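Have a look at the model below and take your time turning it around. Then read on for a short tour of a few of its parts.

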Amino acid sequence: MSLERPVPRLAGAWGALGLSGLGLAGLSLLLARQEAPAQLGPAQPGLWLVGITALLLLGAVGIRQSAQGEGHPARTVPAAATLILLVLAAEAALRAYAVPTGLIPTPSKVLEALWAARTVLWRDALTTFVYEALLGFVIGTLLGLGLALLSVRLRFLERGLLPYAALLSSVPIVALAPVVIKAVGLGVASKTIIVAVTVLFPVLINAVRGLHSAQSMHLDLMHSYAASAAQTFRDVRWPSALPFVFTALRVAAPLSLINAIVAEFFGTEGRGLGFRIQIEVGKFGLDVVWAAIVVASVLGISFYLVISLIERRILPGRR
Amino acid sequence: MSEGGSGKWVVGSGNGQGRVQGMTTLPASTPRRVRRPSNLLPMLAVAVFAALIYWPVMLFANQGAAQKALDSGADLGCKTALACATQLRNPVIPAPGQFWVGMRSLSAQPFSATAAPYNALVTGGETLLGLGLAVVVGLALATLLVRSRSFERATLPWLVASQTVPVVALAPMLAVLLGQAGVQGFLPKALIAAYIAFFPVTIGMAQGLRSPDPLQRDLMQTYRASGPQTFLLLQLPASLPYLFTSLKVAATAALVGSIVAEISTISFSGLGKMLAENSRASDTVALWVIMVYGAALGIALVALIGLLERAVTRWRPVA
Amino acid sequence: MTHSLLPTSHSPPHSGPPIVSVRDLGMIFPVPGGQTVALQDANLEIMPGEFISLIGPSGCGKTTLLRLMADLISPTSGQLTVNGGTPRQAREARSYGYVFQAPALMEWRNVLGNVRLPLDVMNTPKDSRAARAREMLRLVGLEKFERSYPWQLSGGMQQRVSIARALAPGPALLFMDEPFGALDEITRENLNLELLRLWRETGKTVVFVTHSISEAVFLSSRVVVMTARPGKIEGIVNIDLPQPRGEESREDPRFFQYATEIRELLRRGHE
């Protein structure tokens, strides 16, 4: 194994990435200035394709080189560059072939829609994320934890309840949604309930598993101190359950948003990201659909990251 | 991100559990197993308890609607709102008798186009086909991921991020777009199921292909094993438990995807089509019946994957 | 290439070309913010039929030396020949068997399948593989367990399977990297006896890494004592206990003398 100097390779990577990025951006701009690029002549579309592909290949070479080594840039640049290049390439290709916005909107059109519909999307996001996903998540988590504590105290309840919980966690929420919406109404509450129910089961299952995960040596140690049940719980059972609970929360956080959106497909009072997506798909307003998806994605990732952050704060020494 | 996100998808895969400790002369196949008391009785008790709760909740929920119906002078064949609560033509929550009648009418001829069993089979078939596709594509991509570090660094962060993003929100749009492209019937639903299942399956497979411990890799190296030999004899079998764990996660999500796809396009069969029709017709009892079939379908899919897992990974101890 | 496994009486180390020759061997690993000298100026010749132990504290480079011989890593300086060629040639000729610290069995293969693995990889004639694997299992006394899966075996049994696996292709050289390190004392002593019997019956050359002084003395014809920071060979002790050895060898006064000698070498390197 020879130790090559990484500097010239990295410079080459930046060169290739920059060149292909600039090239793609240039192509998109050039195309943006023309009203109907498809009418440029029969030979042109093929030419565009060759150009975009060549620039993408160049970018791929750059990504390949930038991924060498173990430094921080080698870990982050490739992924970021891939996204940027693909978005630019999509922009250029969609423009070159004049694909109608009603079919596939260009990324810039999506950005425009994101801005133009910002008040509506803000309200939708508030409804879906805060009142439905977040509230449901909190309620479901608290219920799950409460039931878990109860189950661990009462073996009978655990043996009677947990098999159902395991079974119900493989039930698709779409089956649940119409019924709950029918019973509770089209408002926000029905979605909150659906989210809470779907969060409850993974939390319950993992919390029970976690509460049982205390090492017998630790329990024996507490026993040798003549510790009370409450002390044993506080110092051994609960700390050893926490990692399990957080695993469940990390899974449940994105799930709560996903389920809120899917539940909205079955009826709302005209608000929410799921409603927006459904209604705009019907109107072929796909730029707004994509904008709503972007908003939902950002919310989903942020929610997940916040939970991970809290986990890292509360569970020091764990990754 | 990749470390933080990947842990959650695989729960307890791989290595042998409960191995026999102690003397070498001990006979094999005597893993000590604690005999647990059956869960049947507690489960039955919980079911009875749920049924007992259901009755007053149902009466309470339907009372208002019954009062309204009586006030408007409808002839329900009963006098008080409480008595009418089980007789409503379109209840908020169906009475057990009503549910039973609905169940029978929707299941009487299981293979007619309007029967729930037939439509559940259609949806189940779409999802299974989608899962199959996801495995093929996921295996190919996971192989690439573990082969090329630059490819991994360019794509894995996005694959992991996709787990926190509501990919199902794309389903309605994809359904419409595929319809525009002339892909109709069974296929678009399977494609959407595949695309939802693909992300977890790819991540699970990549994890599994990487799971053999370094000593096992060294071992193959001392044999001068070729790349394909190491893949077939070591990596692929080692990845199977991971594949099935991720498939169980993916199955429910894929089922949601195919149902949403059925709702979002003109469909002639499937549970989604039944849901859409009965939502429009406000047939609560039918919605409940479909919910039960959907739940059963989800449980059956996961059970099917579990059976397949047992058959393929025979070497593992029975849990 | 396949050596006979017929029980032959073991001949003492003879003169002739060494089977492993280590000359001024050095290995430097880069670590964050510097480098570690894992092995420095090592010199050693191993004759065919010898049982050589490498002993020393962790970080002394004993595993590194073994991995260098097995071509699992490449040296940064010095010369190394195995079987008369480079380690790479030796590996590509599949001329050694390697037993790791852990059994590293494939949990999806039963015991017989695990022993058959090298034969599958090396594409030996298909119809003879199972018979050969069974023969090896008989050698380690596990013929009754061929259908068991790894999880059903104790740690000691698993390690015996991995020894049978290393023997299956019939290599003349056996590299063993602390194979009994994770086992309890009783199991370890039983396996030591078994290993000695195997060595006598098969006439193989064994290079054995350990951190147990008594294990090294009991098993070896020579013990290579290594010390850490930097990893180097501190001395080589000839063990002149009579063969065949058994439990009674542990009572031999010379056994304690050798152990003391090794302990002092180890201590010297520690200061």
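Ten residues of domain 1 of chain C are in contact with nine residues of domain 2 of chain C; "in contact" here means that the C-beta atoms, placed from the backbone, lie within 7 Å. Helix 6 (residues 185-202) of chain C gives the largest share of domain 1's side of this meeting, with four residues. That side has seven nonpolar, one polar and two charged residues. As for the classes, Ala, Val, Leu, Ile, Met, Phe, Trp, Tyr, Cys and Pro count as nonpolar, Asp, Glu, Lys and Arg as charged, and the others, Gly among them, as polar.

Where do the domains run? Domain 1 covers 24-95 + 174-270 and domain 2 covers 107-170, with bounds from an automatic or database domain assignment. Their C-alpha centres lie 25 Å apart.

A word on the ground rules: this is a predicted model, where local features need pLDDT of at least 70, side-chain atom pairs count only at pLDDT 80 or more, and totals for chains, interfaces and linings use all residues. Residues are numbered from 1 along each chain as its sequence is written, while chains are lettered from A and ligands numbered from 1 in the order in which they are written.

## A strand tucked inside

Why is strand 6 (residues 173-177) of chain C largely enclosed by the rest of the structure? Because five of its five residues are buried, that is, 20 or more other C-beta atoms, placed from the backbone, lie within 10 Å of each one's own. C:Leu173, C:Phe175 and C:Asp177 point one way, and C:Leu174 and C:Met176 point the other. In a regular strand the side chains alternate between the two faces of the sheet.

Strands here are DSSP runs of E with at least two residues, helices runs of H or I with at least four, and both are numbered from the N terminus. Two strands pair if DSSP finds at least two bridges between them.

| Partner of strand 6 of chain C | Sense | Bridges |
|---|---|---|
| Strand 5 (residues 96-99) of chain C | parallel | four bridges |
| Strand 7 (residues 205-210) of chain C | parallel | five bridges |

C:Leu173 is the bridge partner of C:Tyr96, and C:Leu174 stands opposite C:Val206.

## Over to chain A

50 residues of chain A are in contact with 49 residues of chain B. On chain A's side, helix 12 brings the largest share, nine residues. By class, that side divides into 36 nonpolar, eight polar and six charged residues.

Conventions:
Contact = placed C-beta atoms within 7 Å. Buried ≥ 20, exposed ≤ 12 C-beta atoms within 10 Å, placed from the backbone.
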